[in-house]
Amino acid sequence: MRHAKLFLALMMVAAALLAGCSSQQSQVFKTISPDEAYKLIQENANNPDFVIIDIRTPQEYKSGHIPKAINIDYYSPTFKEELNKLDKSKTYLIYCRTGHRTGNTMPIMKELGFQKVYEIRGGITAWASKGYPVVK
């Protein structure tokens with residue numbers, strides 16, 4: 001009987017550890033090339049659970065952004081709160097001008113509990129240099 005209780009306790013600990021590991025493994029935080037980003041956008045063209053976020057200022061956004069991107073200003077005092085309002089189970093593609101702001105945003109989104117976040121290496125500058133679409 002004593003061995004059965006010990007076995008049950010060990011099984012519960014193992015299950016808890018495995019559950020913790022699997023939730024960590026389901027998170028994806030990855031920097032991708034403009035080519036990979038374009039492919040990801042094409043593959044998710046009709047997916048309501050895929051969101052593109054431009055984290056530049058509203059003025060930068062108005063000067064040209066990736067089609068269907070929403071704007072959340074990195075420099076806004078409510079930036080983290082605005083991110084926290086988003087559905088964390090969706091897949092996000094984020095970008096800024098050159099990649100610096102997205103590099104700082106990835107850890108914030110991870111801390112907030114987002115599951116899948118991709119950032120475009122080189123930002124919209126690299127995206128546009130490849131000839132990918134930008135709208136005003």
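Contact here means heavy atoms within 4.5 Å. The model is predicted, so local features need pLDDT of at least 70 and side-chain atom pairs count only at pLDDT 80 or more, while totals for chains, interfaces and linings use all residues. Residues are numbered from 1 along each chain as its sequence is written, and side-chain values use heavy atoms, with hydrogens and water left out.

**Figure 1. Overview of the chain, with its 6 helices and 5 strands.** Helices (H or I, at least four residues) and strands (E, at least two) are DSSP runs numbered from the N terminus. Along the sequence they follow the pattern α-β-α-β-α-β-α-β-α-β-α. Of the contacts between residues at least 6 apart in sequence, 68% join residues at least 24 apart. Buried residues (under 20% relative accessible area, 1.4 Å probe, protein chains only; exposed is over 50%, partly exposed in between) make up 38% of the 136 residues.

**Figure 2. Confidence along the chain, given as pLDDT (the predictor's confidence in each residue, from 0 to 100).** The mean pLDDT is 89, and 82% of the residues reach 70 or more. In residues 13–23 the pLDDT is below 50, and this stretch has 1 contact in the model beyond near neighbours in sequence.

**Figure 3. Helix H2 (residues 34–43) and its cover.** Pro 34, Ala 37, Leu 40 and Ile 41 are the buried residues of H2. They line one face of the helix, because seen down its axis they fall within an arc of 120°, the arc being that of the directions from the helix axis to the C-beta atoms. Lys 39 and Glu 43, on the other side, are exposed. The cover of the buried residues includes strands E1 (28–32), E2, E4 (91–95) and E5, and helix H6 (123–129).

**Figure 4. Glu 119 in strand E5 (residues 116–120).** Beyond four places in sequence, the contacts of Glu 119 include Lys 30, Ile 32, Ile 94 and Met 106.

**Figure 5. Thr 57 in the loop between strand E2 (50–54) and helix H3 (58–62).** Thr 57 is buried, with a relative accessible area of 17%. Apart from neighbours within four places in sequence, Thr 57 is in contact with Asn 71, Asp 73, Tyr 75 and Arg 101. Its C-alpha atom is separated by 9.8 Å from that of Arg 97, 40 residues apart along the chain.
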